[in-house]
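Student: Could you walk me through reading this structure, one feature at a time?
Tutor: Gladly; let us look at it together.

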Amino acid sequence: MLFQSIKIMGLLDEPKVNQLREIAEAVVKDNFLELFDLKSRPQGHKLLVTVVIDKKSGPVTLEECTAVSRDLEKRLDELDLIGPSYMLEVSSPGLDRPLRNLEDCRRFSGRMAHLIMAEPMEGQTDFRGRLGEVKEDQVEILTEGGRAYWLLFPRVKKANLVVEI
């Protein structure tokens, strides 16, 4: 599974964080989707739990978000894992989704992307263009000027798709 991170700030101890992740992963999988991310933060006197879901075969629909929200809320309430004072948000990674790894770059080959390097390459850290091939630990980006750059993905600080209109 491409589940990358879980960031829980305050209110939940490590065992509960792990349980929450396991429950969310199971519910998402039961809906034939993937858990992209799971975050939580205090909001007033409640805990805001944000679940980001994804799928390989196209964009996530509103119906899929609704189904995961309904199923996960039911499961959390049954287990009383985080108590009654929480708000649950379920969404997709969005059109400008982050590119977390080379598999994401391969999946979205041909799409416009914006990559920021941790260290300059040929005097620049900011690259915008179409995702090309992926080889070993590098991704090709083809700029609008027609130049191709091979970027070492482990040195990418931030990468995301660019919304095309």
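Predicted model: local features only at pLDDT ≥ 70, side-chain atom pairs only at ≥ 80, totals over all residues.

Student: How many bridges link strand 5 and strand 9, and in which sense do they pair?
Tutor: Strands are DSSP runs of E with at least two residues, numbered from the N terminus, and two of them pair if DSSP finds at least two bridges between them. Here strand 5 and strand 9 (residues 156-161) pair in the antiparallel sense over five bridges.

Student: What joins strand 5 to strand 6?
Tutor: Six bridges join strand 5 (residues 112-121) to strand 6 (residues 124-135), and the two run antiparallel. One place to look is I116, whose bridge partner in strand 6 is D126. The two strands form a hairpin with two residues between them, and E122 in the turn has a positive phi of about 50°.

Student: How should I read an aromatic pair?
Tutor: A pair of aromatic rings is described by the distance of the centres and the angle of the planes. Rings of Phe, Tyr and Trp (its six-membered ring) pair if their centres lie within 6.5 Å; planes under 30 degrees apart count as stacked, over 60 as edge-to-face and the rest as tilted. The structure holds one such pair. F127 and Y149 form it, edge-to-face, at 4.9 Å centre to centre with 65° between the planes. F127 lies in strand 6 and Y149 in strand 8 (residues 148-152), so the pair ties together parts 22 residues apart in sequence.

Student: Is F127 buried or exposed?
Tutor: Buried means under 20% relative accessible area, exposed over 50%, and partly exposed in between (1.4 Å probe, protein chains only). F127 counts as buried because its relative accessibility is 1%, and Y149 is buried at 8%.

Student: And where is L47?
Tutor: L47 is in strand 3 (residues 46-54), and its 3% relative accessibility makes it buried. L47 and P84 are 37 residues apart in sequence and 9.5 Å apart in space, C-alpha to C-alpha.

Student: How does V163 count?
Tutor: V163, in the segment after strand 9, counts as partly exposed at 41% relative accessibility.

Conventions: Residues numbered from 1 in each chain as written. Heavy atoms only, no water. Helix = DSSP H or I, 4+ residues; strand = E, 2+ residues; numbered from the N terminus.
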